[in-house]
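This report goes through the computed features of one structure, section by section. The sequence and model come first.

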Amino acid sequence: MRDPFFRPPALLVKAAQPLAQSLALKTLPLHVHEILPAFCIYEFINRIVSPYVSARLAPKTYPQLSRKTKINWNVHFVSMVQSCFINTLALWVIYADKERMQMNWKERVWGYTGAGGMVQGFAAGYFAWDLFASVQDIDVHGPGALAHAASALAVSMMGFRPFVNYYGLNLILYELSTPFLNIHWWLDKVGMTGSTLQLVNGIALLTTFGCSRLIWGTYQNYR
């Protein structure tokens, strides 16, 4: 299945070629037009959208937060947008990409489809932003978050060799529990700890975490 996003500009493809060749990332130039906009959009959400929306949705809470907690709040906001978007995109490609469905075991390791590369590109854009945010506010996020962001970006970039793109899409679905994790965090901050809403959300969090990471993840590792 071809990449349904618009074709990468020739100038951008040419600019990405030296990096792609030096790191043996053959398909990177085909998706750099997804990585860069994703990075910019997530930074825009972090800097502009989250503060604006959060101050109106939680007017008694957000403006009173400390610098550290505001930074974490905004990161959760970006994470919420990204997880909902990338999960939806991955599920659609898994369902719609007929070429992907017909892959044998070798193609699942070394194969590539444009649609799968698109999902990988948007994911890499987020992880690049996550690394940038972790470095920028290292005093808030700490070295653990920095290491996680760096390793996630490295793994997502390996897919541009291409390498295990098939399984990369499957493992993106680990993020199905992330929206509920973000909601749980926000409910604590707005004084709704122990509320019925947090209980219901907690059940959804545990269910999606168990299904996506423990059951689905173990199955994918076995395959």
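At 13% relative accessibility, glycine 111 counts as buried. The model is predicted, and glycine 111 sits in the loop between helix H5 (105-110) and H6. Leaving aside neighbours within four places in sequence, glycine 111 is in contact with Met103, Lys106, Pro162 and Asn165.

Threonine 61 is 50 residues from glycine 111 along the chain, and the C-alpha atoms of the two are separated by 49 Å.

## The loop between H7 and H8

Proline 162, one of the contacts of glycine 111, is placed in the loop between H7 and H8. The peptide bond that leads from arginine 161 to proline 162 is cis, with omega near -5 degrees. Valine 164 lies in the loop between H7 and H8 and has a positive phi of about 45 degrees, although it is not a glycine. With 27% relative accessibility, valine 164 counts as partly exposed.

Most residues other than glycine have a negative phi, and most peptide bonds are trans. A further positive phi, of about 60 degrees, occurs at alanine 24, which is not a glycine. Alanine 24 belongs to the loop between helix H1 (10-22) and H2, and its relative accessible area of 36% makes it partly exposed.

## Salt bridges

How many salt bridges does a search of the whole structure find? The search finds three. Side chains of opposite charge can pair when their charged atoms come close.

Glutamate 43 pairs with arginine 47, with the closest N and O atoms 2.9 Å apart. Both residues lie in helix H2 (residues 32-57), four residues apart, which is about one turn of the helix. An α-helix has 3.6 residues a turn, so residues three or four places apart point the same way. Glutamate 43 counts as buried at 16% relative accessibility, while arginine 47 counts as partly exposed at 45%.

## The network around arginine 67

Arg67, Asp137 and Asp139 are linked in a network of salt bridges. The side chains of aspartate 137 and arginine 67 meet at 3.4 Å, N to O. This pair links distant parts of the chain, 70 residues apart: arginine 67 is in helix H3 (residues 67-96), and aspartate 137 is in the loop between helix H6 (114-136) and helix H7 (138-158). Aspartate 137 is buried, at a relative accessible area of 13%.

In the salt bridge between aspartate 139 and arginine 67, the closest N and O atoms are 3.1 Å apart. Because aspartate 139 lies in helix H7 and arginine 67 in helix H3, the pair ties together parts that are 72 residues apart in sequence. Aspartate 139 is exposed, with a relative accessible area of 54%.

Histidine 141 is also found in helix H7 and counts as buried at 19% relative accessibility. Not counting residues up to four places away in sequence, histidine 141 touches Ile71, Asn72, Val75, Ala133 and Ser134.

In soluble globular proteins, nonpolar side chains tend to be buried together. The largest nonpolar core here has 39 residues, of which Leu28, Tyr42, Trp73, Val119, Trp129, Met157 and Phe160 touch the most other members. At least two residues of this core come from each of H2, H3, H6, H7, helix H8 (165-172) and helix H9 (178-189). H6 gives the most, with eleven residues. Beyond its neighbours within four places in sequence, methionine 157 is in contact with Leu25, Leu28, Gln120 and Ala124.

What share of H6 is buried? The count is 19 of its 23 residues, so H6 is largely enclosed by the rest of the structure. From first C-alpha to last, H6 reaches 33 Å, close to the 33 Å expected at 1.5 Å a residue.

Buried residues in H9 include Thr178, Pro179, Asn182, Trp185, Trp186 and Leu187. Glycine 191, with a positive phi near 80 degrees, follows H9.

On the surface, Val190, Met192 and Leu197 form a nonpolar patch with about 220 Å² of accessible area together. Leucine 197 is in helix H10 (residues 196-222) and is partly exposed, with a relative accessible area of 48%.

Definitions and conventions
Residues are numbered from 1 along each chain as its sequence is written. Side-chain values use heavy atoms; hydrogens and water are left out. A salt bridge is a side-chain nitrogen of Lys or Arg within 4 Å of a carboxyl oxygen of Asp or Glu. Buried means under 20% relative accessible area, exposed over 50%, partly exposed in between (1.4 Å probe, protein chains only). Patches are made of residues with over 30% relative accessible area and no salt bridge: like charges are joined within 9 Å, nonpolar side chains (Val, Leu, Ile, Met, Phe, Trp, Tyr) within 5 Å. Accessible areas come from the Shrake-Rupley method with a 1.4 Å probe; for residues, only the protein chains shown count as cover. A nonpolar core is a set of buried Ala, Val, Leu, Ile, Met, Phe, Trp, Tyr and Cys residues joined through side-chain atoms within 4.5 Å. Contact means heavy atoms within 4.5 Å. The expected span of a helix is 1.5 Å times one less than its number of residues.
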